[in-house]
Amino acid sequence: MAFFDLVDFDNHEQVVFCSDEASGLKAIIAVHSTKLGAAVGGCRMWDYASDEEALVDVLRLSKGMTYKNAMAGLTMGGGKSVIIGDAKTLKSDELFKAFGRALNGLGGRYLSAEDVNITTADIAIANTETPYVTGTEGKSGNPAPFTALGTFLGIKASAKHKLGRDDLKGLTVAVQGLGSVGFYLCEHLHKAGANLVVNDINKEALDKAQRQFNAEVVGLNDIYDVDCDIYAPCALGATINDSTIDRIKAKIVAGCANNQLAEPRHDQALVERGILYAPDYVINAGGIINVSFEEDYSSDKATRKVEEIYDTLIDVFTKADSEQKPTGQVADAIAREIIARGGK
Ligand code: NAD
């Protein structure tokens with residue numbers, strides 16, 4: 001494989017392949033940029049179809065973290081890690097201890113928090129071997145409620161810009177994925193009076209959403225066809241792609257998933273369909289903002305900073321309108337300016 005020629009390679013500073021035979025650990029850690037500070041980003045555990053798929057995922061996710069942290073005004077660089085394997089069968093204390101030792105190898109250039117299939121309990125086990133973790137229990141803790149709050153406020157900002165109202169009462173939101181973030185997001189949306197249409201591969205989460213939020217449940221592939229105002233991708237990435245984009249009836253795409261666009265050109269494709277896109281790394285920064293308060297933690301301070309996501313998004317939307325450019329492109333340009341300046 002011509003690694004440096006990969007489309008998703010973006011001059012990442014360092015990419016480390018780690019393995020530990022005894023525990024079965026196979027992980028890739030990508031440090032995209034430390035220009036604004038030590039790289040911070042979650043660790044994802046996923047049963048990737050191939051090592052190449054895992055590599056592409058970690059390259060894209062780590063770059064997204066650089067842009068996310070810059071845009072949120074944090075003094076942190078961007079990085080991410082992936083553990084390859086089925087979280088249901090491969091997780092063990094030994095695996096996370098080995099992951100912790102692997103983090104030591106980077107000497108603090110990268111700090112890991114949690115992402116898909118990784119919990120604060122897993123990070124606590126890694127923490128017995130390394131100081132280079134964050135988002136730990138007893139300090140900033142689980143970032144998901146803050147990601148959900150930021151996403152909720154980002155949905156309101158999107159509705160304000162596209163529909164001229166940020167009251168969500170009576171609007172229909174299709175939420176794909178009722179995991180750590182998706183479920184909290186549904187709570188906010190339900191409280192705000194939105195109608196929910198949801199899906200997930202986890203039946204228990206669906207039953208709970210039906211019971212608690214009177215949510216309508218649709219099949220995995222049917223979420224794209226839902227007649228709704230807002231589509232909120234909250235599972236995995238690349239759900240805006242050539243086979244889904246023409247099916248989306250929503251006027252707004254705004255959710256917490258990372259890397260929602262399969263390819264950068266889908267940004268323009270959404271504009272052509274009259275759909276407002278809330279750039280993923282802007283709307284889903286709530287969790288990392290909370291993590292940035294890890295030392296001397298204050299939930300109030302973190303919440304106030306998360307609330308800035310509303311205005312940051314409004315700025316992106318307004319600039320996109322005035323420059324007649326897709327919102328994702330505009331957000332990227334702003335993030336790159338912030339990085340070049342050395343901070344927001
Ligand atoms: P999670 O693993 O808790 O939740 C993901 C949910 O998606 C699970 O309930 C899973 O069953 C469901 N799912 C998987 N495949 C699906 C499919 N094909 N269709 C519908 N549902 C499916 O993860 P999370 O922490 O809630 O994160 C969700 C997304 O948000 C991810 O893309 C993650 O990278 C991103 N994100 C999370 C945070 C955070 O604070 N946890 C922060 C920023 C971004």
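This is a predicted model: local features need pLDDT of at least 70, side-chain atom pairs count only at pLDDT 80 or more; totals for chains, interfaces and linings use all residues.
Residues are numbered from 1 along each chain as its sequence is written, and side-chain values use heavy atoms, with hydrogens and water left out.

**View 1. The whole chain, to get your bearings.** Welcome to the chain, which has 13 helices and 11 strands; these are DSSP runs numbered from the N terminus, with helices being H or I of at least four residues and strands E of at least two. Its C-alpha trace spans about 50 × 45 × 45 Å along the principal axes. A compact globule of 344 residues would have a radius of gyration near 20 Å, and the chain agrees with that at 19 Å (taken over C-alpha atoms; the globule rule is 2.2 Å times the number of residues to the power 0.38). Of the 344 residues, 56% are buried, where buried means under 20% relative accessible area, exposed over 50%, and partly exposed in between (1.4 Å probe, protein chains only). Among contacts with a separation of 6 or more, 66% join residues 24 or more positions apart; a contact means heavy atoms within 4.5 Å.

View 2. The chain is divided into domain 1 (3-127) and domain 2 (144-285 + 312-320 + 328-340), with bounds that come from an automatic or database domain assignment. Their C-alpha centres lie 25 Å apart. The contact takes 16 residues from domain 1 and 19 residues from domain 2.

**View 3. The largest cavity.** The structure holds 1 cavity of 30 Å³ or more, and the largest cavity has about 80 Å³ of space. On a 1 Å grid over the protein atoms alone, a cavity is a set of points where a 1.4 Å probe fits but cannot get out, while a pocket is an open set with protein on both sides within 12 Å along at least five of seven lines; lining residues have an atom within 4 Å of a point. Grid points are joined across faces, edges and corners, and a volume is the space filled by probe spheres set on the points. Look for lining residues including Lys-68, Tyr-281, Glu-308 and Lys-344. Helices α1 (51-71), α9 (280-283) and α12 (308-323) each supply at least two lining residues, and α12 gives the most, with 3 residues. The lining divides into 7 nonpolar, 1 polar and 4 charged residues; here Ala, Val, Leu, Ile, Met, Phe, Trp, Tyr, Cys and Pro count as nonpolar, Asp, Glu, Lys and Arg as charged, and the others, Gly among them, as polar.

**View 4. The largest pocket.** About 1400 Å³ of space lies in the largest pocket. It is lined by 49 residues, of which Asp-115, Val-116, Asn-117, Gly-179 and Ser-180 are the closest to its centre. Elements giving two or more residues to this lining include β3 (39-46), β5 (110-114) and α6 (180-191), and β3 gives the most, with 4 residues. By class, the lining has 20 nonpolar, 19 polar and 10 charged residues. Domain 1 and domain 2 each provide at least three residues of the lining.

**View 5. The second largest pocket.** The second largest pocket holds about 630 Å³ of space. Closest to its centre, out of 27 lining residues, are Arg-60, Lys-63, Asn-259, Pro-264 and Asp-332. Helices α1, α9 and α13 (327-341) each supply at least two residues of the lining, and the largest share, 7 residues, comes from α1. The lining has 11 nonpolar, 6 polar and 10 charged residues.

**View 6. Thr-172 and its contacts.** Find Thr-172 in strand β6 (residues 172-176). This residue counts as buried because its relative accessibility is 16%. Not counting residues up to four places away in sequence, Thr-172 touches Asn-195, Val-197, Asp-227, Cys-228, Asp-229 and Ile-230.

**View 7. His-188 on helix α6.** His-188 lies in helix α6 and is partly exposed, with a relative accessible area of 24%. Leaving aside neighbours within four places in sequence, His-188 is in contact with Ala-148, Leu-149 and Phe-152. The C-alpha atoms of His-188 and Ile-248, 60 residues apart along the chain, are separated by 23 Å.
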